[in-house]
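Dear colleague,

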Amino acid sequence: MPKLWNETIEAHRRDVRDAILDSTAALATEKGPLSLTMSQIAEKVGIGRATLYKYFPDVEAILHAWHAREIAGHLAQLTEVRDRTEGPGARLEAVLEAYAVITHASHGHHDTDLGAFLHQDSGNHLAHAHQHLHHMVQELVTEAARAGDVRGDIPPAELTRYCLSALAAARTLPSEAAVRRLVTVTLAGMRPPQH
């Protein structure tokens, strides 16, 4: 087959897969994940059930694929923020703020049946994402400590746990302004001690 034909088919498959994931997430939020059927999803996407089964074996697999895609997107967003920011301290601050904003924005699905469903059996992709996030932040903390932007008297692994634990509170805050204040307070706790 010609290369252009293969690329067109692959693009179509990606589009259908994305439509399935988006439609399923919308239905799960609206109706609850436990009441969804493959027929409802196929109808919402505008495809036949047989086509849907070519992509996914069941509703649970679709929901987990959607969640994995969301997590990968968040990690990509953090990587982009890190890569476009100059200076160790500024890079750490930008990534922590982006992480807190993402955490705050995703609080809606954590407080629903969909969130409970996804986190009861979140599997390997969630653990891998947390590990990746921890590693990214720890590298940033290490660089910032070397530059004198954050304290060097506490191991970077401990400061990383502090940051991520503190910023988990963003999920419960009422506004983005409150999230930004939380980031400011978290960063203040990491500043080098004044002598």
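D83 and R82 form a salt bridge in which the closest N and O atoms are 2.8 Å apart; the term denotes a side-chain nitrogen of Lys or Arg within 4 Å of a carboxyl oxygen of Asp or Glu. D83 counts as exposed, at 53% relative accessibility, whereas R82 counts as partly exposed, at 23%. Here buried means under 20% relative accessible area, exposed over 50%, and partly exposed in between, with a 1.4 Å probe and protein chains only.

Please note that this is a predicted model, in which local features need pLDDT of at least 70 and side-chain atom pairs count only at pLDDT 80 or more, while totals for chains, interfaces and linings use all residues. Residues are numbered from 1 along each chain as its sequence is written, and side-chain values use heavy atoms, with hydrogens and water left out.

Across the whole structure, a search finds ten salt bridges. One of them joins the side chains of E97 and R180, at 2.3 Å from N to O. Because E97 lies in helix α5 and R180 in helix α10 (residues 176-188), this pair ties together parts that are 83 residues apart in sequence. Helices are DSSP runs of H or I with at least four residues, and strands are runs of E with at least two, numbered from the N terminus. E97 is partly exposed, with a relative accessible area of 26%, and R180 is also partly exposed, at 34%. Another salt bridge is formed by the side chains of R151 and D153 (2.8 Å, N to O); R151 is buried, its relative accessible area being 18%.

Turning to helix packing, the axes of α5 (residues 88-105) and α9 (residues 156-167) come within 10 Å and cross at roughly 35°. Axes are lines fitted to C-alpha atoms, for helices over the stretch in contact, and angles run from 0 to 180 degrees between N-to-C directions. On the α5 side the contact is made by L96, Y99, A100 and T103, and on the α9 side by C163, L164 and L167, where contact means heavy atoms within 4.5 Å. These residues divide into six nonpolar, one polar and no charged. Nonpolar covers Ala, Val, Leu, Ile, Met, Phe, Trp, Tyr, Cys and Pro; charged covers Asp, Glu, Lys and Arg; the others, Gly among them, are polar.

T103, which belongs to α5, counts as buried at 4% relative accessibility. Leaving aside neighbours within four places in sequence, T103 is in contact with L167, A168, A170 and R171.

Helix α9 also packs against α10, at an angle of about 160° and with the axes 10 Å apart. That makes α9 roughly antiparallel to α10, a label given to angles over 145 degrees. Y162, C163, A166 and L167 of α9 meet L182, V183, V185 and T186 of α10 in this contact, and the residues involved divide into seven nonpolar, one polar and no charged.

Finally, M38 lies in helix α2 (residues 38-45) and counts as buried, at 6% relative accessibility. Not counting residues up to four places away in sequence, M38 touches R49, L52, Y53, F56, P57, D58, V59 and I62. M38 and A50 are twelve residues apart in sequence, with their C-alpha atoms 9.8 Å apart in space.

With kind regards

Conventions. Parallel < 35°, antiparallel > 145°, perpendicular 65-115°, else oblique.
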